[in-house]
Amino acid sequence: MELRNIWKKFPGVIANKNVNMRVRRAEAHAICGENGAGKSTLMKTLYGMHQPTEGEIFINGEEKKFSSPTEAIDVGIGMVHQHFMLAGNLTVTENIVLGDERGAIVDFKAARQHIIDVSKKYGLNVDPDALVGDLGVGAQQRVEILKVLYRGAKIIILDEPTAVLVPQEVDELFDSLRQLKGEGVTIIFITHKLDEVLALADGITIIRRGETVGQVDDPSAITAKQLAEMMVGSELPQPERGASTVTDKLVLELKDVTVMGGNKAALDRVSVKVHAGEVVGIAGVEGNGQTELTELIMGLETLTNGSVSLEGREITHDATQKRRSDGIAFVPEDRHKQALLLHFPLWENRILGFQWEKSLYRGGLIDAGRARQDSREIIDEWDVRTPDELTSSGALSGGNQQKFIIGREMKVGPRLLIASQPTRGVDVGAQAQIWDKLKEARAAGLAILLISADLEELIGLSDKLFVMYKGKLVAKFDPREVTSEQLGGYMTGAVKAEGEVTP
């Protein structure tokens with residue numbers, strides 16, 4: 001596959017500028033770059049989701065012009081998006097066939113057998129009759145890969161494939177990808193985890209601000225430090241908590257909280273304490289109660305048993321707006337569903353969640369001038385790459401969206417920050433900036449509950465660390481004495497909890 005002189009222009013933005021990239025057959029090729037560099041835009045162009053403004057695409061030496069993903073699929077290109085596109089109430093077979101129907105009647109028996117054959121051939125180990133909603137994140141990702149292989153893909157694009165996986169699942173994925181390479185499949189993957197790039201990639205393309213700044217044909221000849229410097233002009237950051245700033249002031253206390261999810265407990269007698277100046281980390285594979293935990297604290301989930309207190313005052317029955325006005329800030333796990341209106345400009349997104357804030361009103365009406373000024377300050381302080389505050393939030397890269405969201409939440413000076421996946425899809429430079437801001441806020445007395453799939457982030461930033469599995473806190477660790485592998489054992493249930501976990 002070769003891209004020659006690719007340009008992609010949107011109104012007011014040049015996403016890709018004269019990008020060149022070549023990928024050899026049956027190699028794993030990594031695309032690295034900071035947020036807003038144009039990585040996803042480039043791959044969406046290759047996949048036919050939009051067309052290049054200028055430039056050429058060559059597959060097996062033949063020039064191609066794709067007007068839709070269907071045309072890309074027809075020549076053997078498949079894409080697995082960062083946010084899975086699966087229906088949880090359908091089986092694996094039904095999900096894979098969905099969108100690939102070849103007539104009025106689907107031969108499910110033949111489809112099921114084909115899925116079994118493809119699964120065995122590539123070592124993907126997926127049950128075709130399982131409900132997708134019952135599968136873990138790693139298995140769901142294998143279903144997504146099976147979807148594109150089922151359609152005959154020989155070039156697979158993976159967008160942030162390890163973002164929600166624990167270390168053991170990453171190892172399993174990489175084993176599968178190596179087997180795919182052995183069968184002649186070409187892998188192109190977007191990532192910001194440079195250690196994984198060096199572990200898997202046979203070739204690397206580095207993009208900065210929409211342009212190709214380097215291509216590495218021998219990854220063994222380059223270090224993560226050198227890659228980071230090519231991407232963002234700085235060394236690879238490491239999360240470090242620094243000296244303890246934990247105080248005796250109790251900010252958040254959950255006592256034996258239980259939340260029912262259908263006929264079983266999504267949260268089962270969970271107790272947590274977070275003090276001013278403290279970061280409490282929660283590790284866990286997604287779907288084990290972390291979402292219910294954050295939404296319970298924000299007043300978005302109904303409590304079955306237990307209590308929630310903020311600075312000694314019970315807030316169990318307080319409305320979400322009351323909790324926000326009392327100083328709880330929230331960075332949700334899904335920025336598109338819970339934190340942004342993608343078709344609205346940034347200055348209007350500044351107001352979201354703060355409609356009660358008197359400073360944003362003048363004469364009983366929203367003060368657009370103040371909201372725009374606040375937005376410009378967030379953009380400057382957090383280095384949000386955007387033409388201006390009038391740009392729609394949906395036009396920004398995922399990492400720049402995330403920086404704007406965190407900047408908005410921190411601007412009001414909260415007492416407690418609920419941060420769920422705060423650096424997901426964020427490049428190394430922005431990641432370091434977010435870590436520094438969180439450490440500064442912690443030192444100033446902010447209480448932080450940190451939920452993350454990045455175990456190095458949890459270990460590096462947390463003052464104490466819990467593992468959540470099937471709605472329970474099953475282990476508690478001193479972050480200075482635990483490894484990612486130990487956490488992964490409890491997160492997947494491979495290591496069983498012993499005794500009660502105290503807050």
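Residues are numbered from 1 along each chain as its sequence is written, and side-chain values use heavy atoms, with hydrogens and water left out. Because the model is predicted, local features need pLDDT of at least 70 and side-chain atom pairs count only at pLDDT 80 or more, while totals for chains, interfaces and linings use all residues.

## The whole protein

Let us start with the secondary structure, which comes to 17 helices and 22 strands. Here helices (H or I, at least four residues) and strands (E, at least two) are DSSP runs, numbered from the N terminus. The protein has a radius of gyration of 23 Å, close to the 23 Å that the globule rule gives for 503 residues, so it is as compact as a globular protein of that length. That radius is taken over C-alpha atoms, and the rule is 2.2 Å times the number of residues to the power 0.38. The C-alpha trace spans about 65 × 50 × 50 Å along its principal axes.

How many of the residues count as buried? The figure is 55% of the 503 residues. Buried means under 20% relative accessible area, exposed over 50%, and partly exposed in between (1.4 Å probe, protein chains only). The accessible surface comes to about 21600 Å², and carbon and sulfur atoms hold 47% of it. These areas come from the Shrake-Rupley method with a 1.4 Å probe; for residues, only the protein chains shown count as cover.

Among contacts with a separation of 6 or more, 68% are accounted for by residues 24 or more positions apart. A contact means heavy atoms within 4.5 Å.

Isoleucine 77 and glycine 78 give a friendly way into the fold. Isoleucine 77 is found in strand β6, and glycine 78 is in β6 as well, a strand of residues 77-80. Isoleucine 77 counts as buried at 1% relative accessibility, and glycine 78 counts as buried at 2%.

Which residues does isoleucine 77 touch, leaving aside its neighbours within four places in sequence? Its contacts are Leu46, Tyr47, Ile59, Phe66, Ala72, Ala153, Ile155 and Ile157. With neighbours within four places again left aside, glycine 78 is in contact with Tyr47, Val148, Ala153, Ile155, Ile156 and Ile157.

| Residues | Apart in sequence | C-alpha to C-alpha |
|---|---|---|
| Glycine 78 and methionine 231 | 153 residues | 26 Å |
| Alanine 319 and aspartate 478 | 159 residues | 34 Å |
| Isoleucine 77 and lysine 358 | 281 residues | 52 Å |

Alanine 319, listed in the table, lies in the loop between β15 (313-314) and α10 (320-325). With a relative accessible area of 49%, alanine 319 is partly exposed.

A pair of aromatic rings is described by the distance of the centres and the angle of the planes. The structure holds two aromatic pairs. In phenylalanine 354 and tryptophan 356, the ring centres are 5.9 Å apart and the planes stand at 50°, so this pair is tilted. Phenylalanine 354 counts as buried at 2% relative accessibility, whereas tryptophan 356 is partly exposed at 26%.

The pair of phenylalanine 477 and tyrosine 490 is edge-to-face, with 5.6 Å centre to centre and 65° between the planes. Phenylalanine 477 lies in strand β22 (residues 472-477) and tyrosine 490 in helix α17 (residues 484-491), so the pair ties together parts that are 13 residues apart in sequence. Both phenylalanine 477 and tyrosine 490 are buried. For these pairs, rings of Phe, Tyr and Trp (its six-membered ring) need centres within 6.5 Å; planes under 30 degrees apart count as stacked, over 60 as edge-to-face and the rest as tilted.

Helix α17 is itself mostly covered, with six of its eight residues buried. They are Ser484, Leu487, Gly488, Gly489, Tyr490 and Met491. The cover over the buried residues of α17 includes α6 (167-182), β13 (279-283), α16 (455-461), β21 (464-469) and β22. After α17 comes glycine 493, with a positive phi near 85°.

## Two loop residues with positive phi

Asparagine 60 has a positive phi near 55° although it is a residue other than glycine. Asparagine 60 is found in the loop between β4 (54-59) and β5 (62-64), and it counts as exposed at 62% relative accessibility. Arginine 209 has a positive phi too, near 50°. Arginine 209 lies in the loop between β9 (203-208) and β10 (211-216), and it is exposed at 53% relative accessible area.
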